[in-house]
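Dear colleague,

Please find the structure below, handed over for your own work. My notes on what was found in it follow directly after.

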Amino acid sequence: MARALNDGLRLALSGDERVLLMGEDVGRAGGVFRISDKLRGEFGEERVIDAPVAESGIVGVAFGMAVAGMRPIVELQFMGFSYPAYDQIISHVSRIRHRSRHRFTAPMVIRIPYGGGIGAAEHHSESMESIYLHIPGLKVVVPSTPVDAKGLLLAAVEDPDPVVFLEPIRSYRSITEVVPGDYYTTPIGEAAVRREGTDVTLISYGAMMRETLGAADVLEGRGISAEVIDLRSLVPLDVDTIVASVIKTGRVAVVHEAPRTGGFGGEIAAIVQEKAFFSLEMPVLRVTGWDSVFPLKRSERLYLPNVAGIAEEVQTRLFEG
Amino acid sequence: MKGSAHVFDQGSLSGDPLSILDQAGRLVAGYEVDGDDLRRLYESMVWIRTYDRKATAMQLQGRLATYSPFFGQEACQIGSVAALADGDWLAGTYRDAGAMWFRGYSWERLFLGRTGDERGGQPAEDVTVMPPSITVGGHMVHAVGLSWAEKMKGSGKIALTMFGEGATSEGDFHEAMNFAGVFHTPTVFFCQNNQYAISAPREIQTASDSIAQKALAYGMVGYLVNGNDVLAVREVTAAAAERARNGDGPSLIEAITYRRGPHTTADDPTKYRTSQEEDLWTERDPLERVRAYLADAGLWDEPWQTELEEAAGVAVETAVGAAEALPKLDAGNFFDAVFENPNPTLSDEKAAAARRLELGEA
């Protein structure tokens, strides 16, 4: 996935001279995850900008650039480091269109690597996407595959509105596939059905897609046919794909590594009961991270949902409950 | 403008602020003034004071939501932006309606925003003025980005950001100044030190001798100027703007002034300052010193003053009328400016909101 993102950034920079990349260590170092590897050499330090360690400034300055006609992409290194920029995102980036009734807009991409399972220090493993989902005027996308990572990134750069682009750190180098070399976009707002099934709908996104698909395999071995939806875009949400699947299966589990309370699973559960209540055979199940601080390396396996655990919960609570 | 901007390449960063016209209306030695030019600056200050009075009165009548008067700061409002060129950006605050108007943001739109109509945040297409920042300080980094983008485009345009001394305590002041210094952006930071952030006096915001001296730490030029002297304000801003335009980087201007009115129409300044202090600043009024000079030079008389005030009054009344006569937006209009393209969730919510309104008002 890292290579697909690098390829996407390169195409974005070469295709539109208004595009620029800014963030801590994105230039000389090529990014802490090497996502912008070699781009500074190819496009120059004026378009691949090593910024001071100042997240609010990075986002706020990029916002000003966007209003003045540029197409900035910023990187915030880790979700746990994105919070100093939160004020700029919620107070200005997401609402300048509204504040000025379309006179000024902020077409920009805020790339935020997120998620656990990487044995990192405190603040480096968080999955706090809910705090971005709650902001009107912001789109939030999360790829789970290299092909989507590139396509969604290019769609985000083209988008007339600001997009928070969440990158699953754990998938950067663990998820690989052949990615088309040409320029293409993956539409924002369309979920992907990764696996068709008839008995239960498993809904997830980002890094947790691997565990969710693994759980579907396990369930198949136990005679349960699971349909798996990769949301890809959390805002806007592809409600139709979710509802169509639930009407077919009658059972739903949402899987995410973010804390449970206020997590997106609750929102999905609410939408499902509003739109497909009479199709439901069982209550909507949430398989999530916990309402604790994300633990350090020794305990993170206790925190993250895993394949066997997801399969077990789905089987016992949706089929044997 | 006949004074030499280069005198102000970098003045003293603490102590007495730079001044050209003293309170009695006398020019400092070595300056010449173009009478017509000064009359135009004076006229603009009269016009914005008229607007400010009208808006304050309308708020008291309940015709405007809260209003934050700039009464006493007219020399800052006009002198700063009078140094800008076409297409330069202005990113200011809720107390900068005077400067916004001077840059082309219509009074009609300014009134609209205060009546609770979102179109108030929408200047005309050719106006490069950001709608005011209501949160304190966040817009300073925007000015860095705006001006940096212009530098990238090679347009020769710059950005000026206005903020109060209270905003210099915000982290974004540091981040904005730091970015501007590091990347040498064509940004002018214009601080109106009006002595109070609501009730908090200047001493609570910083232990520095001055705000201007903070420029040094960011590798930029600083200016300390008498903010009630419109000529001095324009001279230092012109020097800073020229530096920015020539690729010599950003500047920080601290203009010493006084907010003669309340923070907003909901505030009671008697709780935190004395009438003696207010009287002192009444004597330092920014319009009075210009009038004194013009009167001495035979360039001001009562009939002209009356004519100015009447013309401004008519213009303001016309703008109020136009704002109030504008066909009301459908109440659900706010759903339409969240994203560029319609979003199914918002369309559903808009319909639900209309139904809720209908029921609520039945």
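A salt bridge is taken here as a side-chain nitrogen of Lys or Arg within 4 Å of a carboxyl oxygen of Asp or Glu. By that criterion, the whole structure holds 39 salt bridges over all chains.

Some conventions apply throughout. This is a predicted model, in which local features need pLDDT of at least 70 and side-chain atom pairs count only at pLDDT 80 or more, while totals for chains, interfaces and linings use all residues. Residues are numbered from 1 along each chain as its sequence is written, chains are lettered from A and ligands numbered from 1 in the order in which they are written, and side-chain values use heavy atoms, with hydrogens and water left out.

Chain A

The secondary structure of chain A consists of 12 helices and 12 strands (DSSP runs numbered from the N terminus: H or I of at least four residues for helices, E of at least two for strands).

In chain A, the side chains of A:Arg111 and A:Glu167 form a salt bridge with an N to O distance of 2.5 Å. A:Arg111 belongs to strand 4 (residues 109–114) and A:Glu167 to strand 6 (residues 163–168), so the pair ties together parts that are 56 residues apart in sequence. A:Arg111 is buried at 1% relative accessibility, and A:Glu167 is buried at 0%. Separately, a network of salt bridges links A:Asp148, A:Arg194, A:Asp230 and A:Arg232.

Chain B

B:Asp88 and B:Arg245 form a salt bridge whose closest N and O atoms are 2.6 Å apart. This pair links distant parts of the chain, 157 residues apart: B:Asp88 is in the loop between helix 2 (74–81) and strand 1 (89–91), and B:Arg245 is in helix 9 (residues 230–245). B:Asp88 is buried, at 0% relative accessibility, whereas B:Arg245 is partly exposed, at 33%.

A further salt bridge joins the side chains of B:Arg26 and B:Asp22 at 3.1 Å, N to O. Here B:Arg26 is exposed, with a relative accessible area of 53%, and B:Asp22 is partly exposed at 25%.

Note on methods
Buried means under 20% relative accessible area, exposed over 50%, partly exposed in between (1.4 Å probe, protein chains only).
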